[in-house]
Amino acid sequence: MNYGFVKVASAIPRMKVADCTYNTQQIESLIIQAEGKGVEIIVFPELCISGYTCQDLFGQQLLLDKCEEGLFKLLDFTRSLQIVSIVGMPVMVGSQLMNCAVVIQEGKILGVVPKTYLPNYKEFYEKRWFASAATVKDTQIHLCAQTVAFGRNLLFHTQKTCFGIELCEDLWATVPPSSELALKGAEIIFNLSATNELISKHQYLLSLISQQSARCIAGYVYSSCGFGESTQDVVFAGNALIYENGTLLARSKRFCLEEQMIISEIDTERLLTERRQNTTFADNARLLSSAEKVDVQCQTVNPVYDFELTRWVNPHPFVPHGNALDERCEEIFAIQVEGLAKRVVHTNAKTVVIGVSGGLDSTLALLVCVKTMDMLNRPRKEILGITMPGFGTTDRTYSNAINLMQSLGVTIKEISIKDACIQHFKDINHDIDNHDVTYENGQARERTQILMDVANQYGGFVVGTGDLSELALGWATYNADHMSNYGVNCSIPKTLVKYLVKWVAQTSVDEESQKTLLDIIDTPISPELIPADEDGNIKQKTEDLVGPYELHDFFLYNFLRLGFRPAKIFYLAQQAFIKQTYTDVQESGMEVGQYDEDTILKWLRTFCRRFFTQQFKRSCLPDGPKVGSVSLSPRGDWRMPSDANSADWLADLEEEA
């Protein structure tokens with residue numbers, strides 16, 4: 001299975017102005033290369049058979065005849081090829097010459113799409129030679145001895161996708177044709193272009209394509225003229241670009257003297273999921289229900305080659321890279337702080353109470369409390385940090401909790417839970433040496449009881465520390481750390497928590513606090529509900545029990561944000577954590593764990609099982625701020641019956657395994 005991926009290519013051939021024979025040969029060479037790599041649809045630049053810069057030669061019948069001869073050759077060349085090819089050439093329609101995209105497959109012309117908007121300003125003079133699609137009523141034309149579909153509203157259907165076409169200036173229009181094509185069902189837009197280079201124009205072009213692909217919730221494959229076009233007055237640097245819903249998947253080199261071809265895969269399943277979720281898209285489509293469209297069927301594209309994914313699969317989809325990570329951390333922290341500040345002001349709280357364990361989550365929540373009080377011009381002493389050592393508390397986490405609260409200047413309270421838990425186990429007749437779920441959860445509930453009661457004592461409320469990843473797995477004791485008055489971390493995944501803490505350590509605290517924070521980041525994640533080992537080290541490590549959080553966050557993003565089935569998530573996880581080269585990962589700047597297929601499969605089974613069985617905890621979550629595109633709040637983002645059956649999801653995974 002290819003899970004909705006459509007392999008596409010954008011090509012920039014070598015070319016010579018007005019040499020249709022040479023240009024056709026170069027196009028053929030790239031088509032056969034693409035076919036050999038399993039490409040299903042390939043697009044070439046605007047007027048690639050003739051060259052874009054022929055100027056008044058477009059008025060020469062010989063050039064037009066040579067273009068048609070070139071198309072005849074391409075049809076003959078592709079007679080046994082299933083790949084869909086989109087080439088540009090001038091086409092006579094009645095008495096008018098039109099700048100067109102011609103779609104061919106297996107020796108047949110599937111359709112011809114004329115350019116709608118012709119630039120006629122500054123260096124552009126297209127209206128001197130061509131007529132706009134808006135001037136023609138024909139829906140069929142005769143070309144290369146074939147009667148073919150013609151029009152700006154053509155939709156091309158393969159078994160796997162539906163695509164539309166626009167040409168160069170069409171994209172720059174106020175309402176591009178691609179907007180209407182997308183609303184009519186096109187999942188991928190192909191653009192044949194001849195954009196010349198000017199200072200700053202390239203960045204504007206990238207933003208334009210990115211925004212249009214995002215606005216249309218579509219794939220966008222762009223091919224623009226390169227070396228070989230006339231440089232009499234302007235220069236064409238060559239741009240091959242592939243976008244998906246605003247994200248750049250692949251790009252060519254600019255100012256390259258050789259032919260180029262970039263290949264990637266458009267995830268149409270993901271695009272359809274996004275469109276289903278975006279009700280505005282459907283509303284917009286209904287408003288254009290009377291718009292004309294023509295459907296064209298392509299032959300089924302079934303490459304003889306095994307499908308291979310070439311696009312980058314992000315192992316850490318919640319964590320951006322480089323400067324974007326700092327920007328993301330700053331924005332998230334600001335959302336957390338403002339959310340908590342509003343709750344403090346609204347409740348007129350005299351204090352906020354937080355359990356500080358020396359772990360990552362409680363550390364982040366404490367930092368949010370500190371920044372909130374600073375922003376409200378209230379003393380940090382109004383933050384009541386409570387450390388509650390128990391049977392599994394280690395010296396390292398205890399010391400870090402105390403040191404951090406001291407250096408941050410909050411009020412510190414230490415309340416041991418040992419005696420209370422011993423009494424509780426006696427009351428319910430539980431053997432204290434039996435370290436089962438009762439033993440663990442009893443400690444967790446005792447801590448929450450302390451926090452809630454102390455909050456009542458001091459006229460405050462309890463700030464929750466649990467994160468998004470824990471909520472997805474149900475890794476929280478019901479009515480214990482599961483509960484608070486306001487959960488500031490509720491939509492922050494575990495893989496991002498440590499970066500947020502590190503960002504605060506590097507930007508917002510004193511040297512002593514920074515030292516403690518960096519040690520907390522390096523401490524193994526643990527609930528510390530089981531006694532330490534003989535050396536006093538953490539014995540109960542969360543990731544040994546439920547699996548690596550970087551895997552679970554990968555599963556969560558693809559399951560919840562994109563709606564992917566488990567089999568596809570397993571396929572993508574193999575690509576992200578096994579098949580991508582060390583160089584790929586190194587260039588991304590990530591620290592990525594290495595796993596084999598069995599390990600990924602094991603923890604994906606765990607994720608599916610726990611996600612379904614633990615919904616009852618998410619159905620009654622306390623308030624907390626949404627900070628990203630994935631949230632499990634039962635009041636908005638995720639409403640699911642607590643007794644939903646996971647059988648089909650697990651079965652889907654077993655079929656893939």
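Asp361, Asp467, Glu470 and Lys494 are linked in a network of salt bridges. A salt bridge here is a side-chain nitrogen of Lys or Arg within 4 Å of a carboxyl oxygen of Asp or Glu. The model is predicted: local features need pLDDT of at least 70, side-chain atom pairs count only at pLDDT 80 or more, and totals for chains, interfaces and linings use all residues. Residues are numbered from 1 along each chain as its sequence is written, and side-chain values use heavy atoms, with hydrogens and water left out.

By the salt-bridge rule the count comes to 26. Side chains of opposite charge can pair when their charged atoms come close. One of the salt bridges joins the side chains of Arg254 and Glu197, at 2.5 Å from N to O. Arg254 lies in the loop between strand S13 (247-251) and strand S14 (260-267), and Glu197 in the loop between strand S10 (188-193) and helix H5 (201-215), so the pair ties together parts that are 57 residues apart in sequence. Helices (H or I, at least four residues) and strands (E, at least two) are DSSP runs, numbered from the N terminus. Arg254 counts as partly exposed, at 31% relative accessibility. Glu197 counts as buried, at 13%. Buried means under 20% relative accessible area, exposed over 50%, and partly exposed in between (1.4 Å probe, protein chains only).

A salt bridge of 2.9 Å, N to O, is found between the side chains of Asp623 and Arg343. Asp623 lies in the loop between helix H21 (615-618) and helix H22 (647-656), and Arg343 in helix H8, so this pair ties together parts that are 280 residues apart in sequence. Asp623 is partly exposed, with a relative accessible area of 32%. The side chains of Arg380 and Asp374 also meet in a salt bridge, at 2.8 Å from N to O. Arg380 is partly exposed at 27% relative accessibility. Asp374 is partly exposed at 33%.

Helix H14 spans residues 494-507. At 1.5 Å a residue, its 14 residues should span 20 Å, and its end C-alpha atoms are 20 Å apart, which agrees. The expected span is 1.5 Å times one less than the number of residues. H14 is mostly covered, with ten of its 14 residues buried.

Two strands pair if DSSP finds at least two bridges between them. S16 (residues 351-355) and S19 (residues 460-464) pair in the parallel sense over three bridges. Thr351 stands opposite Gly460 in S19.

Other strands pair elsewhere. Nine of the ten residues of strand S3 (residues 84-93) are buried, so S3 is largely enclosed by the rest of the structure. Strand S2 (residues 41-43) runs parallel to S3 and is joined to S3 by three bridges. Here Ile42 has Ser85 as its bridge partner. S3 also pairs with strand S4 (residues 96-105), in the antiparallel sense, over nine bridges. In S4, the partner of Ser85 is Ile104. S3 and S4 form a hairpin with two residues between them, and Gly94 in the turn has a positive phi of about 65 degrees.

Thr116 is found in the loop between strand S5 (108-114) and strand S6 (140-143). Thr116 is buried, with a relative accessible area of 7%. Leaving aside neighbours within four places in sequence, Thr116 is in contact (heavy atoms within 4.5 Å) with Ser132, Ala133, Arg152, Asp170 and Pro177. A polar contact of 3.0 Å joins the side chains of Thr116 and Arg152. A polar contact is a pair of N or O atoms within 3.5 Å; within protein, one must be able to donate a hydrogen and the other to accept it, and residues adjacent in sequence count only if both atoms are side-chain atoms.
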